[in-house]
Amino acid sequence: MRKYFNEDIETAPRNQLFSLQSYRLSKTVYHAYNNVEVYRRRMDEAGVKPEDIKTVNDLRRLPFTYKQDLRDNYPYGMFAVPPSQLTRIHASSGTTGKQTVVGYTAHDIDVWATCAARALVAAGADENDFVHVSYGYGLFTGGLGLHDGAAKMGATVIPASTGNTQRQITMLQDFKSTILCCTPSYALYLADALKQNGIGLDKIHLKAGLFGAEPWTPAMRSEIESRLGIKAHDIYGLSEISGPGVAFDCECQNGLHVNEDHFIIEIIDPITCEPMPDGVDGEVVFTCITKEALPLIRYRTHDIASITHEKCACGRTFVRMSKPCGRSDDMLIIRGVNVFPSQIESVLLQSGYVEPQYLIIVDRVNNLDTMEIQVEVSDKNFTDQVRGFEEMAAKIQASMQSVLGIAAKITFVEPNTIARSEGKAKHVIDKRKM
Ligand code: DLL
């Protein structure tokens, strides 16, 4: 069995990594400065020139980049290459209406596939494996990211995509899937479905899984492992940086190795922006150092985690980040889909039926996330005709589905019943235990 996908780099001495990162960082800064107006302006304002950035130690002199920048420059304003060099576009939720669009050159896709291949090999996959990809295919990076990674390391891909659990179960058995890639909550949902269908572990062939796209706990890991009879590995990523495979865990399952030859990680205090020492939680910030199309520099992810430089028993020298345990903004991840309360608010207000008072209640029922949105009907629409309510709910539900990409139950409540807050309005109750 293969232990590493790129042994030389995955186990490189730290000083060698530092030199490689420094060289690539300097090149990226020139590339961004010369080709992206936003970077040129920000760096000029901060009084930093590309030639000032010689090593990783100079990184802190550079300004941060935010999701809002991608939104302000929607869709392609942050791209550093002309359209002719682009190979693919992906997108994820923005804070309101518009999506965050990301782009890749052929080289970027190859780097991303390499990162995902490293994750698969670290989870024990090799060319004999059947990799069952139940992440969504499409603008979401999960499906195609693991797909390309599996192809890159020579395994056979089963591009199952999401949904139709009965069909997934049939495929798992008949196609003899050995590696499962999906969200951790869907893995548990599949385990339930297998049980309900009376299918024992002797009928499936899975040995490992790569789970991510949403936060999950060590307790969920144990449950997935025992109920599916597999080793459950963590895989982390975000579309802006490249997709699944920015970091991955190895056979030690003790933190996620960051693919540091492509991404520099920093952990900062989200308020003071000062660097946090190893082992202390802070906001994760990434700098892409090989990206051609979208070379994000010091990108504020809003994910909360810590890092450690301690040696890992697997032999990899890449730093490890802890399981992301929360966010420094209000983004929710529901069924693997990123949802901002502000998106929900704008759909509600656009409907014209309701007051800007609402409460989002997120729960997990039978291992599937549920979302209920309680809304106050505006006085002018307050009527005791149930049919009127049903019609309004159906219309709002349809708009939610099209904007968020997931279903929400709409419940109307009478005017003035949702608790008002004197300070920051509390719009979300998350009952999931994570
Ligand atoms: O979720 C990419 C991905 C796909 C990762 C499949 C892993 C597997 P986005 O839709 O842009 O990309 O969402 C990124 O999801 O900032 C985290 O908040 C969260 N996230 C991703 N992986 C993990 C994980 C994909 N392993 C956002 N643990 C990130 C906790 C995760 N949170």
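A: We begin with the elements: helices (H or I, at least four residues) and strands (E, at least two) are DSSP runs, numbered from the N terminus. This is a predicted model, in which local features need pLDDT of at least 70, side-chain atom pairs count only at pLDDT 80 or more, and totals for chains, interfaces and linings use all residues. Residues are numbered from 1 along each chain as its sequence is written, and side-chain values use heavy atoms, with hydrogens and water left out.

Q: Which peptide bond is formed from Tyr74 to Pro75, cis or trans?

A: Most peptide bonds are trans. The bond from Tyr74 to Pro75, however, is cis, with omega near -10°. Pro75 belongs to the loop between α4 (67-72) and β1 (86-92).

Q: What is the phi of Asn164, and where does this residue lie?

A: Most residues other than glycine have a negative phi. Asn164 has a positive phi, near 45°, and is found in the loop between β4 (156-158) and α7 (165-174).

Q: Why does Asn164 count as partly exposed?

A: Buried means under 20% relative accessible area, exposed over 50%, and partly exposed in between (1.4 Å probe, protein chains only). Asn164 counts as partly exposed because its relative accessibility is 47%.

Q: Does Arg298 count as buried or exposed, and what is its phi?

A: Arg298 also has a positive phi, near 50°. The residue sits in the loop between β11 (282-288) and β12 (299-305). Its relative accessibility is 3%, so Arg298 counts as buried.
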